[in-house]
Amino acid sequence: MKSKLSIGLYWFRHDLRLTDNRTFNKLCSEVDRLICVYVKGQEKEFRSSFSEGETGRFKHKFEQESAVELDIALRKKKQYLLFVDAPAHQSIVDLIENYSITHMGVEEHPGIYETKSLDAIQASCPHVQYITDISHNLFNESDLPFELGNLPETFTPFRKRVENISIDPPIAALLELPHAIEPMPQAPEELSFSGRVRGGEVAGNEQLNKYLFGTDLIKQYKQTRNALDDWDSSSKLSMWLANGSLSARTVYHTIKQYESQRGENESTYWLYFELLWREYYQWYLAKHRGKLFQFSGVKQITPSTNFNENTFKRWCDGRTKYPIVNACMLQLNQTGYMSNRGRQLVASCFVHELGLDWRYGAAYFEQQLIDHDVASNWGNWQYLAGVGADPQSHRRFNLAKQTATYDPDAVFRKKWLGSEQQ
């Protein structure tokens, strides 16, 4: 029989969901009382030092919607999300001390700032029992057929060694949660949803099921995924995967369920293929750590580029001499979204045509993109800059040829630039 109550604190970071949240479930099984915490503005706290601007309004709105939806889900189980409007470290330490926290749960994440923040809390509060687990990835580290230090330096060898590994099924959300520490406060003001993009676990699952079972669009994914401006051309699931409103394991097993019921083809596999790219970069960051943010990258090759503030600003604002790049940048600034093809084009332009330090482009994406994932974003920018996981050096896109291929009738350019600027 326990001599005193165990009190748990769970810090939601990039896992804003109750389904398939191993760490949260583990903590709940260990404690009698529970406080659930979300730090407002933490998406900016976790940004790199190159990202000094304000978080893009679309990214911020999506993050806040996701947190509010999580609070709604917790309240249905007689819990709630405590929104803390202060720097994460001091806020968490104060809560631990004020509520005599005995256990703390937080998802393992490969991000540098995420790791440092947890290390600092552990150093300040060594008496607390910490519970962590990986829920951001498809695989556990123990699943990998190699030591992390032997992670292949490029994607294809990684894919070939892991694509047939069994992936744990997602675990269900708990039906009941430990009691709240204090009486439930009034719910925060609900956000008004506009447009088709809405943050949160419910919306993420709706998009997943619509793209697969609701429309069968997944069967054309490989053929349509390079479209610049069409919602149905790709799954758009990266938005909910980025802040953990949706888990990668849930997406994978839903794909497998779809294949078993409605058949598989190259496109259904290709959505899994893209999940593997995302997975590769999670382990790539876990292995290389700070090298992902260094100018010379993982390859330790010094690019022949530099930083010019005026040129950088013109790229950010969509005022270069390349219309396709300008259209993509205006799309990003006005929606928080850019297609995968668009990202490759504007990054290639940034590095090769404009001769800019790739880190500032990566930081601007980090600031603006709704679906920003630190590992995928910085890994892909290194790839385009020739200092990362690309087996070729300095992959450069012919912008005129790409424009003719992906916007032959100037529909995309006219939409974002107007008829006279395309």
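A pocket here is an open set of grid points with protein on both sides within 12 Å along at least five of seven lines, and its lining residues have an atom within 4 Å of a point. The model is predicted.

**View 1. Centre of the largest pocket.** The largest pocket is lined by 47 residues. Nearest its centre lie Glu274, Trp277, Asn340, Gln344 and Asn380. The volume of the largest pocket is about 1300 Å³.

**View 2. Helices around the largest pocket.** Five helices are labelled by number and range: helix 6 (155-162), helix 9 (238-242), helix 11 (266-288), helix 14 (340-353) and helix 16 (374-385). Each supplies at least two residues of the lining of the largest pocket. Helix 11 gives the largest share, eight residues.

**View 3. Residue classes in the largest pocket.** Nonpolar residues number 24 in this lining. Another 14 lining residues are polar, and nine are charged.

**View 4. Centre of the second largest pocket.** The second largest pocket holds about 440 Å³ of space. Its lining has 20 residues. Closest to the centre are Arg196, Val197, Trp231, Thr335 and Tyr337.

**View 5. Helices and residue classes of the second largest pocket.** Helix 3 (57-75), helix 13 (323-335) and helix 18 (411-417) each contribute at least two residues to the lining of the second largest pocket. The largest share comes from helix 3, with four residues. By class, the lining of the second largest pocket splits into eight nonpolar, five polar and seven charged residues.

Terms used
Residues are numbered from 1 along each chain as its sequence is written. This is a predicted model: local features need pLDDT of at least 70, side-chain atom pairs count only at pLDDT 80 or more; totals for chains, interfaces and linings use all residues. Side-chain values use heavy atoms; hydrogens and water are left out. On a 1 Å grid over the protein atoms alone, a cavity is a set of points where a 1.4 Å probe fits but cannot get out, and a pocket is an open set with protein on both sides within 12 Å along at least five of seven lines; lining residues have an atom within 4 Å of a point. Grid points are joined across faces, edges and corners, and a volume is the space filled by probe spheres set on the points. Ala, Val, Leu, Ile, Met, Phe, Trp, Tyr, Cys and Pro count as nonpolar, Asp, Glu, Lys and Arg as charged, and the others, Gly among them, as polar.
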